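Please look at the sequence and the model below before reading on.

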Amino acid sequence: MKTILITGASSGFGRLTALKFHQQGWNVVASMRSPEKEQELNKLDKILIVKLDVTDKCSVQTAISQSIEKFGRIDALINNAGYGGYGLIEQFDDDTIRNMFETNVFGIINTIQEVLPFMRKQGSGSIINITSIAGFVASPMVSVYSATKYAVQGLTQSLAMDYKSLGIEVKSVAPGSFETGFISSAVKAFNSDDDQVIQLSQKLSNHINEVREQFRNMGRKTPDPQEVAEKIFECVTATTPIHNYAGADSIMTAKMKNDLSEHEFQLRMIETLLPNN
Ligand SMILES: NC(=O)c1ccc[n+]([C@@H]2O[C@H](COP(=O)([O-])OP(=O)(O)OC[C@H]3O[C@@H](n4cnc5c(N)ncnc54)[C@H](OP(=O)(O)O)[C@@H]3O)[C@@H](O)[C@H]2O)c1
């Protein structure tokens, strides 16, 4: 029986992915920062709940040892843990920026470095990194978050080539916008003692919110985060490209980026995402 290790399984895509693989008969290691709070997954058979903070290398090592001890192998690693942030770069302090990179980028490097020796020994494995639409199209007010997700897209592409010959697949799944715990846990860096910064930040935020509202009023169904769990399952169990997309907005934007020249695409994004004046 195959075993999957998921980071950030306490909520959102991570939790849904744990349940999806469990339903499909996999052994699941649902890792989270606060396992003592878990009330659902710990009631299921063949789910091991382990404590794992991706920024703490010791906790990553311990969680992987516990997984191997219990199930003997790790066939898939889902690097899902992460969070967002809104604000102009001048509204973020250095610690807030570095902390986001610690989780969204170095956290993924930590788990990958620890799991690869086991996958190499097995001669197989899948690593799926959850990136974002913000990892292939940068939009206003998310520069720091976008930088972390672009970094992971690059990391994924290179690792996919490095480890291909050893039977290890590395892929990304880039979700669009979904209602999970993401908005409430995102950093909101909207303060400044400079009026011009505050005004610019408000103007850009207002416009982005209007664009989101227009999308909602276009009759799109509320996106179901289960779509992301299904895409992750497909990436682990079937042949897919290195970079994958989940959610109508992400799929449509990826297609547009593919169909247009770089210049035309950037113009289209500026037209849509920036206010006229
Ligand atoms: N929802 C969206 O619209 C969206 C769009 C594109 C990409 N994404 C990406 O999807 C991934 C999952 O997000 P989500 O939407 O499911 O949001 P979510 O419900 O807030 O889940 C995020 C998970 O990450 C965990 N986490 C945060 N920092 C961690 C750390 N240092 N170590 C271990 N776990 C940590 C959280 O754990 P705690 O419960 O302990 O806080 C939580 O379980 C993230 O990488 C996010 O960037 C989300």
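The sections below cover the basis of the model, its salt bridges and a charged surface patch.

## Basis

This is a predicted model, in which local features need pLDDT of at least 70 and side-chain atom pairs count only at pLDDT 80 or more, while totals for chains, interfaces and linings use all residues. Residues are numbered from 1 along each chain as its sequence is written, and side-chain values use heavy atoms, with hydrogens and water left out.

The whole structure holds eight salt bridges (a side-chain nitrogen of Lys or Arg within 4 Å of a carboxyl oxygen of Asp or Glu). One of them pairs K20 with E230, and their closest N and O atoms are 2.9 Å apart. This pair links distant parts of the chain, as K20 lies in helix α1 (residues 12-23) and E230 in helix α7 (residues 226-237), 210 residues apart. Helices here are DSSP runs of H or I with at least four residues, strands are runs of E with at least two, and both are numbered from the N terminus.

Is K20 buried or exposed? K20 is buried, with a relative accessible area of 9%, whereas E230 is partly exposed at 34%. Buried means under 20% relative accessible area, exposed means over 50%, and partly exposed lies in between (1.4 Å probe, protein chains only).

E114 and K57 form another salt bridge, with 3.9 Å between the closest N and O atoms. Here too distant parts of the chain are linked: E114 is in helix α3 (residues 94-122) and K57 is in helix α2 (residues 57-71), 57 residues apart. E114 is buried, because its relative accessibility is 18%; K57 is partly exposed at 29%.

## A salt bridge within a helix, and a network

K231 and E234 also meet through their side chains in a salt bridge, at 3.1 Å from N to O. They are three residues apart in helix α7, so about one helical turn separates them. E234 is partly exposed, with a relative accessible area of 34%.

## A negative surface patch

Which residues form a negative surface patch? They are E90, D193, D194 and D195. Patch residues have over 30% relative accessible area and no salt bridge, with like charges joined within 9 Å and nonpolar side chains (Val, Leu, Ile, Met, Phe, Trp, Tyr) within 5 Å.

D193 sits in the loop between β8 (187-188) and α6 (195-217). With a relative accessible area of 79%, D193 is exposed.

Methods:
Areas by Shrake-Rupley, 256 points an atom, 1.4 Å probe, with all protein chains shown as cover. Lys, Arg positive; Asp, Glu negative; His and termini not counted. Charge placed at Lys NZ, Arg CZ, Asp CG, Glu CD.
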